[in-house]
Amino acid sequence: MSLSIIILAAGQGKRMRSDKPKVLNLLAGKPLLTHVYETAMKIEHREIYIVYGCGGEQVKNTLKNSQVCWIEQEEQLGTGHAVQQVLPNIPKSDHILILYGDVPLISEVSLAKLIEAATNTGLSLLTAYFDEPHGYGRIVRDDNDNIIAIVEEKDATIEQQNICEVNAGFMVISAEILNQWIDFLKNKNKQNEYYLTDMVEIAVKNNIRVSPILAESAIEVQGVNTRSQLSEAERYYQIMQAHHLMDKGVGIADPSRFDLRGSLEIGLDNEIDVNVVMEGKLKLGNNNTIAPNCVIKDTIIGNNVRIFANSVIENSIIGNDCHIGPFARIRPDSVLEDHVHIGNFVEIKKSTLC
(Lines give C-alpha, C1' and ligand atoms only; values in the text may rest on other atoms or scores of the structure.)
Protein backbone atom coordinates (compact mmCIF):
# COMPACT_ATOMS: atom_id res chain seq x y z
CA MET A 1 0.00 0.00 0.00
CA SER A 2 1.33 3.43 -0.96
CA LEU A 3 0.47 5.79 1.89
CA SER A 4 0.22 9.55 2.10
CA ILE A 5 -0.06 11.10 5.56
CA ILE A 6 -1.91 14.34 6.24
CA ILE A 7 -1.40 16.13 9.56
CA LEU A 8 -4.04 18.77 10.23
CA ALA A 9 -2.44 21.67 12.11
CA ALA A 10 -4.25 24.83 11.03
CA GLY A 11 -6.26 25.61 14.16
CA GLN A 12 -5.74 28.61 16.39
CA GLY A 13 -6.64 27.00 19.72
CA LYS A 14 -8.46 29.87 21.42
CA ARG A 15 -9.10 27.83 24.56
CA MET A 16 -5.35 27.64 25.24
CA ARG A 17 -5.43 31.41 25.93
CA SER A 18 -2.17 31.85 24.03
CA ASP A 19 -0.92 33.99 21.16
CA LYS A 20 0.90 31.07 19.56
CA PRO A 21 -0.79 28.35 17.48
CA LYS A 22 -2.14 25.47 19.55
CA VAL A 23 0.12 22.85 17.95
CA LEU A 24 3.21 24.77 19.15
CA ASN A 25 2.44 24.37 22.84
CA LEU A 26 5.04 22.15 24.48
CA LEU A 27 4.72 18.58 25.71
CA ALA A 28 7.88 17.21 27.34
CA GLY A 29 9.82 20.13 25.91
CA LYS A 30 8.69 19.61 22.30
CA PRO A 31 5.78 21.14 20.34
CA LEU A 32 2.67 18.99 20.06
CA LEU A 33 3.10 18.95 16.29
CA THR A 34 6.63 17.56 16.59
CA HIS A 35 5.35 14.57 18.56
CA VAL A 36 2.81 13.79 15.84
CA TYR A 37 5.37 14.23 13.07
CA GLU A 38 7.86 11.91 14.80
CA THR A 39 5.17 9.22 15.11
CA ALA A 40 4.26 9.66 11.43
CA MET A 41 7.91 9.22 10.45
CA LYS A 42 7.89 5.75 12.02
CA ILE A 43 5.27 4.63 9.49
CA GLU A 44 6.22 3.67 5.95
CA HIS A 45 4.87 6.41 3.70
CA ARG A 46 5.27 8.18 0.38
CA GLU A 47 4.82 11.75 1.62
CA ILE A 48 3.81 13.69 4.73
CA TYR A 49 1.65 16.77 4.23
CA ILE A 50 1.03 19.28 7.00
CA VAL A 51 -1.93 21.63 6.64
CA TYR A 52 -1.17 24.90 8.41
CA GLY A 53 -3.10 28.14 8.89
CA CYS A 54 -2.94 30.21 12.05
CA GLY A 55 0.60 31.35 12.83
CA GLY A 56 1.76 29.85 9.56
CA GLU A 57 5.44 30.79 9.58
CA GLN A 58 5.80 29.86 13.25
CA VAL A 59 4.37 26.42 12.52
CA LYS A 60 6.59 25.89 9.47
CA ASN A 61 9.71 26.96 11.35
CA THR A 62 9.06 24.29 13.97
CA LEU A 63 9.82 21.57 11.42
CA LYS A 64 11.79 23.63 8.89
CA ASN A 65 14.44 20.94 8.37
CA SER A 66 11.98 18.06 8.19
CA GLN A 67 10.69 15.97 5.29
CA VAL A 68 7.34 17.72 4.94
CA CYS A 69 5.16 19.13 2.18
CA TRP A 70 3.42 22.23 3.57
CA ILE A 71 -0.13 23.10 2.48
CA GLU A 72 -1.76 26.36 3.58
CA GLN A 73 -5.43 26.49 4.57
CA GLU A 74 -6.13 30.21 4.27
CA GLU A 75 -9.64 29.90 5.70
CA GLN A 76 -10.40 27.42 8.46
CA LEU A 77 -13.61 25.89 7.14
CA GLY A 78 -13.35 22.49 8.79
CA THR A 79 -11.41 19.24 8.52
CA GLY A 80 -13.01 18.29 5.22
CA HIS A 81 -11.98 21.59 3.68
CA ALA A 82 -8.44 21.17 5.06
CA VAL A 83 -8.03 17.76 3.44
CA GLN A 84 -9.46 19.10 0.20
CA GLN A 85 -6.51 21.51 -0.03
CA VAL A 86 -4.10 18.57 -0.11
CA LEU A 87 -5.89 16.21 -2.49
CA PRO A 88 -4.51 17.61 -5.77
CA ASN A 89 -1.02 16.60 -4.59
CA ILE A 90 -1.85 12.97 -3.80
CA PRO A 91 -1.93 10.15 -6.37
CA LYS A 92 -5.33 8.48 -6.56
CA SER A 93 -3.62 5.12 -6.08
CA ASP A 94 -2.58 6.10 -2.53
CA HIS A 95 -4.34 5.54 0.74
CA ILE A 96 -4.44 8.55 3.06
CA LEU A 97 -3.84 8.53 6.81
CA ILE A 98 -5.35 11.52 8.62
CA LEU A 99 -3.54 12.71 11.77
CA TYR A 100 -4.02 15.72 14.04
CA GLY A 101 -1.33 18.10 15.22
CA ASP A 102 -3.00 18.56 18.60
CA VAL A 103 -3.26 14.84 19.46
CA PRO A 104 0.35 14.11 20.42
CA LEU A 105 0.04 10.75 22.20
CA ILE A 106 -1.30 8.67 19.32
CA SER A 107 0.60 5.39 19.16
CA GLU A 108 2.29 3.73 16.24
CA VAL A 109 0.53 0.49 17.24
CA SER A 110 -2.97 1.92 16.82
CA LEU A 111 -2.05 3.56 13.52
CA ALA A 112 -0.57 0.33 12.15
CA LYS A 113 -3.85 -1.47 12.89
CA LEU A 114 -5.82 1.36 11.30
CA ILE A 115 -3.76 1.20 8.11
CA GLU A 116 -4.11 -2.57 7.90
CA ALA A 117 -7.89 -2.38 8.37
CA ALA A 118 -8.29 -0.10 5.36
CA THR A 119 -6.64 -2.55 2.99
CA ASN A 120 -9.85 -4.32 2.00
CA THR A 121 -12.62 -1.75 2.46
CA GLY A 122 -10.79 1.45 1.61
CA LEU A 123 -11.96 3.19 4.78
CA SER A 124 -11.03 2.56 8.40
CA LEU A 125 -11.79 4.61 11.49
CA LEU A 126 -10.25 4.79 14.95
CA THR A 127 -12.68 4.84 17.86
CA ALA A 128 -12.43 4.95 21.65
CA TYR A 129 -14.68 4.63 24.69
CA PHE A 130 -14.92 7.52 27.17
CA ASP A 131 -16.96 7.49 30.35
CA GLU A 132 -17.46 11.22 29.83
CA PRO A 133 -17.33 11.79 26.06
CA HIS A 134 -17.94 15.54 26.21
CA GLY A 135 -16.69 17.34 23.11
CA TYR A 136 -16.30 14.30 20.86
CA GLY A 137 -18.31 13.11 17.89
CA ARG A 138 -20.38 10.04 18.71
CA ILE A 139 -20.22 6.75 16.80
CA VAL A 140 -23.67 5.67 15.63
CA ARG A 141 -24.13 1.97 14.85
CA ASP A 142 -27.04 0.02 13.37
CA ASP A 143 -28.67 -3.09 14.79
CA ASN A 144 -25.92 -5.22 13.23
CA ASP A 145 -23.24 -3.19 15.02
CA ASN A 146 -22.03 -1.58 11.80
CA ILE A 147 -20.97 2.06 11.92
CA ILE A 148 -23.45 4.17 9.99
CA ALA A 149 -22.56 7.73 11.01
CA ILE A 150 -20.54 10.07 13.20
CA VAL A 151 -22.52 12.82 14.83
CA GLU A 152 -20.67 15.84 16.21
CA GLU A 153 -21.72 16.69 19.76
CA LYS A 154 -23.18 20.06 18.85
CA ASP A 155 -25.41 18.37 16.30
CA ALA A 156 -26.28 15.29 18.39
CA THR A 157 -29.64 14.48 19.92
CA ILE A 158 -29.89 13.81 23.67
CA GLU A 159 -29.93 10.08 22.96
CA GLN A 160 -26.84 10.31 20.77
CA GLN A 161 -25.02 12.37 23.38
CA ASN A 162 -25.35 9.41 25.76
CA ILE A 163 -23.26 7.23 23.44
CA CYS A 164 -19.83 6.53 24.97
CA GLU A 165 -18.07 5.33 21.82
CA VAL A 166 -16.47 8.34 20.18
CA ASN A 167 -14.72 9.21 16.98
CA ALA A 168 -11.00 9.53 17.65
CA GLY A 169 -10.64 11.52 14.43
CA PHE A 170 -8.03 9.30 12.81
CA MET A 171 -8.94 7.52 9.60
CA VAL A 172 -7.39 5.85 6.59
CA ILE A 173 -9.23 6.33 3.32
CA SER A 174 -8.53 5.53 -0.30
CA ALA A 175 -7.53 8.67 -2.22
CA GLU A 176 -9.70 7.51 -5.10
CA ILE A 177 -12.76 7.30 -2.84
CA LEU A 178 -11.96 10.61 -1.18
CA ASN A 179 -11.66 12.37 -4.53
CA GLN A 180 -15.04 10.99 -5.59
CA TRP A 181 -16.83 12.10 -2.45
CA ILE A 182 -15.08 15.20 -1.15
CA ASP A 183 -17.43 17.54 -3.03
CA PHE A 184 -20.43 15.85 -1.37
CA LEU A 185 -19.49 17.33 2.01
CA LYS A 186 -21.90 20.00 3.20
CA ASN A 187 -21.55 22.62 5.91
CA LYS A 188 -25.15 22.40 7.10
CA ASN A 189 -24.28 22.13 10.79
CA LYS A 190 -24.02 24.45 13.77
CA GLN A 191 -20.35 25.14 13.06
CA ASN A 192 -20.92 25.84 9.36
CA GLU A 193 -17.89 23.67 8.65
CA TYR A 194 -17.15 20.84 6.26
CA TYR A 195 -16.63 17.78 8.46
CA LEU A 196 -14.36 15.03 7.17
CA THR A 197 -16.28 12.69 9.47
CA ASP A 198 -19.30 13.00 7.16
CA MET A 199 -17.35 10.67 4.85
CA VAL A 200 -18.57 7.82 7.02
CA GLU A 201 -22.23 8.49 6.26
CA ILE A 202 -21.42 8.96 2.57
CA ALA A 203 -19.58 5.62 2.57
CA VAL A 204 -22.56 3.85 4.12
CA LYS A 205 -24.87 5.29 1.46
CA ASN A 206 -22.50 3.94 -1.19
CA ASN A 207 -22.37 0.48 0.39
CA ILE A 208 -18.78 0.86 1.53
CA ARG A 209 -18.13 -0.80 4.89
CA VAL A 210 -16.32 1.25 7.50
CA SER A 211 -13.72 -0.83 9.32
CA PRO A 212 -13.55 0.29 12.98
CA ILE A 213 -10.40 -0.07 15.06
CA LEU A 214 -10.45 0.48 18.82
CA ALA A 215 -7.54 2.62 20.02
CA GLU A 216 -4.98 0.97 22.30
CA SER A 217 -5.95 3.44 25.04
CA ALA A 218 -8.37 6.32 25.42
CA ILE A 219 -5.67 8.76 26.52
CA GLU A 220 -3.71 8.43 23.28
CA VAL A 221 -6.57 9.90 21.21
CA GLN A 222 -7.42 12.79 23.51
CA GLY A 223 -6.91 16.14 21.86
CA VAL A 224 -5.17 18.99 23.63
CA ASN A 225 -7.48 22.00 23.59
CA THR A 226 -6.92 23.54 27.04
CA ARG A 227 -4.10 24.05 29.51
CA SER A 228 -5.69 21.45 31.75
CA GLN A 229 -5.68 18.86 28.97
CA LEU A 230 -2.08 19.73 28.17
CA SER A 231 -1.03 19.07 31.77
CA GLU A 232 -2.89 15.74 31.76
CA ALA A 233 -1.13 14.72 28.56
CA GLU A 234 2.23 15.79 29.99
CA ARG A 235 1.83 13.67 33.11
CA TYR A 236 0.66 10.62 31.18
CA TYR A 237 3.58 10.96 28.77
CA GLN A 238 6.09 11.30 31.59
CA ILE A 239 4.72 8.28 33.44
CA MET A 240 5.01 6.27 30.23
CA GLN A 241 8.64 7.32 29.88
CA ALA A 242 9.36 6.49 33.50
CA HIS A 243 7.92 2.99 33.15
CA HIS A 244 9.90 2.46 29.95
CA LEU A 245 13.09 3.35 31.81
CA MET A 246 12.18 1.15 34.77
CA ASP A 247 11.63 -1.75 32.36
CA LYS A 248 15.25 -1.21 31.32
CA GLY A 249 16.44 -1.41 34.93
CA VAL A 250 16.43 2.21 36.05
CA GLY A 251 15.24 2.83 39.61
CA ILE A 252 12.74 5.71 39.75
CA ALA A 253 11.39 6.53 43.20
CA ASP A 254 8.07 7.93 42.00
CA PRO A 255 7.12 7.87 38.28
CA SER A 256 4.55 10.61 38.88
CA ARG A 257 7.36 12.96 39.97
CA PHE A 258 9.86 12.43 37.17
CA ASP A 259 10.29 14.45 33.97
CA LEU A 260 12.34 13.59 30.89
CA ARG A 261 12.23 16.35 28.29
CA GLY A 262 14.58 14.94 25.71
CA SER A 263 16.48 11.69 25.17
CA LEU A 264 18.33 9.61 27.73
CA GLU A 265 20.92 6.90 27.12
CA ILE A 266 21.43 5.14 30.43
CA GLY A 267 23.33 2.16 31.80
CA LEU A 268 22.69 -0.23 34.70
CA ASP A 269 21.86 0.25 38.38
CA ASN A 270 20.98 3.94 38.28
CA GLU A 271 18.69 5.41 40.95
CA ILE A 272 16.65 8.57 40.42
CA ASP A 273 14.81 10.18 43.33
CA VAL A 274 11.72 12.43 43.20
CA ASN A 275 11.32 15.72 41.31
CA VAL A 276 14.27 15.17 39.00
CA VAL A 277 14.02 16.96 35.64
CA MET A 278 16.21 15.76 32.76
CA GLU A 279 16.36 17.83 29.57
CA GLY A 280 17.99 17.66 26.17
CA LYS A 281 20.40 14.93 25.17
CA LEU A 282 21.76 12.99 28.14
CA LYS A 283 23.99 9.99 28.72
CA LEU A 284 24.48 8.25 32.06
CA GLY A 285 26.77 5.34 32.77
CA ASN A 286 26.34 2.76 35.55
CA ASN A 287 25.64 2.88 39.28
CA ASN A 288 24.76 6.57 39.57
CA THR A 289 22.49 8.16 42.17
CA ILE A 290 20.51 11.36 41.59
CA ALA A 291 18.91 12.85 44.73
CA PRO A 292 15.68 14.88 44.84
CA ASN A 293 15.06 18.18 43.07
CA CYS A 294 17.94 18.04 40.60
CA VAL A 295 17.90 19.46 37.06
CA ILE A 296 20.27 17.93 34.51
CA LYS A 297 20.48 19.12 30.89
CA ASP A 298 22.61 18.09 27.89
CA THR A 299 25.17 16.30 30.04
CA ILE A 300 27.32 13.17 29.95
CA ILE A 301 27.77 11.42 33.30
CA GLY A 302 30.16 8.52 33.89
CA ASN A 303 29.94 5.73 36.48
CA ASN A 304 29.52 5.73 40.29
CA VAL A 305 28.51 9.41 40.42
CA ARG A 306 26.57 10.83 43.36
CA ILE A 307 24.50 13.94 42.65
CA PHE A 308 23.06 15.29 45.87
CA ALA A 309 19.82 17.21 46.34
CA ASN A 310 18.94 20.48 44.60
CA SER A 311 21.87 20.48 42.19
CA VAL A 312 21.82 21.83 38.61
CA ILE A 313 24.07 20.53 35.84
CA GLU A 314 23.99 21.88 32.29
CA ASN A 315 25.95 21.04 29.14
CA SER A 316 28.84 19.46 31.01
CA ILE A 317 30.85 16.26 31.26
CA ILE A 318 31.05 14.45 34.60
CA GLY A 319 33.69 11.76 35.03
CA ASN A 320 33.62 8.60 37.15
CA ASP A 321 33.29 8.55 40.95
CA CYS A 322 32.37 12.23 41.28
CA HIS A 323 30.29 13.77 44.07
CA ILE A 324 28.23 16.92 43.35
CA GLY A 325 26.26 19.04 45.80
CA PRO A 326 23.94 19.44 47.52
CA PHE A 327 22.91 22.82 46.11
CA ALA A 328 25.71 22.82 43.53
CA ARG A 329 25.53 24.38 40.08
CA ILE A 330 27.63 23.09 37.20
CA ARG A 331 27.19 25.61 34.38
CA PRO A 332 27.84 25.00 30.64
CA ASP A 333 31.17 23.81 29.25
CA SER A 334 32.42 22.40 32.52
CA VAL A 335 34.36 19.15 32.82
CA LEU A 336 34.79 17.18 36.03
CA GLU A 337 37.43 14.51 35.65
CA ASP A 338 37.35 11.31 37.72
CA HIS A 339 37.06 11.52 41.53
CA VAL A 340 36.19 15.25 41.68
CA HIS A 341 34.01 16.42 44.59
CA ILE A 342 31.94 19.62 44.32
CA GLY A 343 30.50 20.63 47.69
CA ASN A 344 27.58 22.67 49.04
CA PHE A 345 26.61 25.85 47.17
CA VAL A 346 29.57 25.66 44.75
CA GLU A 347 29.13 27.07 41.24
CA ILE A 348 31.51 26.55 38.32
CA LYS A 349 31.42 27.52 34.61
CA LYS A 350 33.66 26.76 31.63
CA SER A 351 36.12 25.02 33.88
CA THR A 352 37.96 21.70 33.99
CA LEU A 353 38.51 20.23 37.45
CA CYS A 354 40.77 17.26 38.04
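Student: Which residues of H1 are buried?

Tutor: In this helix, Leu 32, Leu 33, Thr 34, His 35, Val 36, Tyr 37, Thr 39 and Ala 40 are buried. Buried means under 20% relative accessible area, exposed means over 50%, and partly exposed is in between (1.4 Å probe, protein chains only).

Student: What kind of model is this, and how are residues numbered?

Tutor: It's a predicted model, where local features need pLDDT of at least 70 and side-chain atom pairs count only at pLDDT 80 or more, while totals for chains, interfaces and linings use all residues. Residues are numbered from 1 along each chain as its sequence is written, and side-chain values use heavy atoms, with hydrogens and water left out.

Student: Back to H1: what makes this helix mostly covered?

Tutor: H1 runs over residues 32-41, and eight of its 10 residues are buried.

Student: How much of the whole protein counts as buried?

Tutor: Of its 354 residues, 50%. The C-alpha atoms fill a box of roughly 75 × 40 × 40 Å along the principal axes.

Student: Why is Tyr 52 called buried?

Tutor: Its relative accessibility is 8%, so Tyr 52 falls below the buried cut-off.

Student: Which kind of aromatic pair do Tyr 52 and Trp 70 form?

Tutor: The structure holds four aromatic pairs. Tyr 52 and Trp 70 make one that is edge-to-face, with 5.9 Å centre to centre and 80 degrees between the planes. The rule: rings of Phe, Tyr and Trp (its six-membered ring) pair if their centres lie within 6.5 Å; planes under 30 degrees apart are stacked, over 60 edge-to-face, and the rest tilted.

Student: Where in the chain do Tyr 52 and Trp 70 sit?

Tutor: Tyr 52 is in strand S4 (residues 47-52) and Trp 70 in strand S5 (residues 69-72), 18 residues apart, and the pair links distant parts of the chain.

Student: Why is the pair of Phe 327 and Phe 345 called stacked?

Tutor: The ring centres are 5.0 Å apart and the planes are at 10 degrees, so this pair passes both the distance test and the angle test for stacking. Phe 327 lies in the loop between S22 (323-324) and S23 (329-330), and Phe 345 in the loop between S25 (341-342) and S26 (347-348), so the pair ties together parts 18 residues apart in sequence.

Student: What about Glu 38 and Lys 30?

Tutor: These two form a salt bridge too, with the closest N and O atoms 2.6 Å apart. Glu 38 is partly exposed at 33%, and Lys 30 is partly exposed at 26%.

Student: And are Glu 153 and Arg 138 buried or exposed?

Tutor: Both are buried, and their side chains meet in a salt bridge at 3.0 Å, N to O.

Student: What makes the phi of Asp 269 worth a look?

Tutor: Phi is near 60 degrees, a positive value in a residue other than glycine. Asp 269 lies in the loop between S13 (258-266) and S14 (271-272). With a relative accessible area of 54%, Asp 269 is exposed.

Terms used:
Helix = DSSP H or I, 4+ residues; strand = E, 2+ residues; numbered from the N terminus. Salt bridge = Lys/Arg side-chain N within 4 Å of Asp/Glu carboxyl O.
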